[in-house]
Amino acid sequence: MWPKPRGYPWGHFAHLPRWAGEPLALLEEGAALGPIFALGLGRLAVVGYSPDWNRRLLTDLETFRSRGSFSSLVPYLNGGIITTDAPEHKPRRQALDPHFHARALRGLEERLRVALQEIRPKGEFEAGAWASRVAQTSLNVAYFEGQFPRAELARFLAPLKQPFPAPLLPHPWLFAQVRRRVGQMQAAGYGLAAHLPTEEVLIGLAAGYDTTAHTLAWALWHAASYPEWHSPAGHPLLIKETLRLYPPGFIGSRRVARALELDGILIPQGALALYSPYLTHRHPDLWKNPLAFDPARFEGRIPAWGYLPFGGGERICLGMHFAQMVLLAALSLFGRLKPLRGDPAPKPGLTLAPGGELWLYAGG
């Protein structure tokens, strides 16, 4: 078998305690053993991070399936386009794509800027809390033209940012309440919600919330810490470098639908196959000085299948263009930013988040 990092003598459960408590350290320890390693997470999990592994995992949709992977464990993400597999995935995705294409979202940009300008902080503020408010406001504008009651939306999304096991717990009453409200918004013809199935609206809200909020918090911290990149021309590269160092989806998973052989070793049907943007984005064979914050690296070529903040292939993140629009719009609101205090080290949960509060000062 492939090498395994330090674990407990519990067979397929050997790495569950470390996965729950220190997944980044576990992944980094495994990566030091080779480009492919194994974990015991209740069943066999095979982890890779090379471009070839990423390409294979994200393009062979018949072998590597989404249903039954980690997303299926999270009620907020267990459904819709996220867990639809081939051959149904392609036509479903084609039906959704026109609503999320950059051209289709262009009409949202001005409304989004106006809504964010109304909540722009001045003076001292905590980037994470404000970024969460930005994400909620932006999703409300896009999906419901800002008409969804803010407190209800915040209550629905709150478990996603809470420690485990909160994101994994069922919330049937909360989901039923939100479904009713979404139905009202759809009947009134508001925003994207009026053109999408209810299930896709709920999935879109969940998938776009903490991922965008955490990235924005880090982007603001970097804009304050590296003022030479805090400009309209610098923001796109600053965002790309933020996503390289701190990809919200630090781990992705698929279920192996049919046994296959790799490097002479059998991966059995039912095993998990994992890819890690976090490991790929920090690998010295792919990136020069990988731990340094250097947006200039994106002025040149980047390694194919070596940069995956939104996944890749046919299943690339549906909300990618919307997330980038939100990030650029939020950064554009600020003139001078000054970092005050905080802990930007990554802390893994359902997604990757800053380890602590990030306090900034925004000039008038």
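In this predicted model, α7 contributes the most to the lining of the second largest pocket, with five residues. A pocket here is an open set of points on a 1 Å grid over the protein atoms alone, with protein on both sides within 12 Å along at least five of seven lines, and lining residues have an atom within 4 Å of a point. Helices are DSSP runs of H or I with at least four residues, and strands are runs of E with at least two, numbered from the N terminus. At least two lining residues come from each of α6 (109-117), α7 (127-144) and α8 (150-157). Of the 15 residues in the lining, A115, T137, V141, G146 and R150 are the closest to the pocket centre.

One joins A86 and P87, with omega about 5 degrees; another joins F164 and P165, with omega about 10 degrees. P165 sits in the loop between α8 and α9 (172-187).

Local features need pLDDT of at least 70, side-chain atom pairs count only at pLDDT 80 or more, and totals for chains, interfaces and linings use all residues. Residues are numbered from 1 along each chain as its sequence is written, and side-chain values use heavy atoms, leaving out hydrogens and water.

Notes
1 Å grid on protein atoms, 1.4 Å probe; cavity = no way out; pocket = protein on both sides within 12 Å on 5 of 7 lines; lining within 4 Å.
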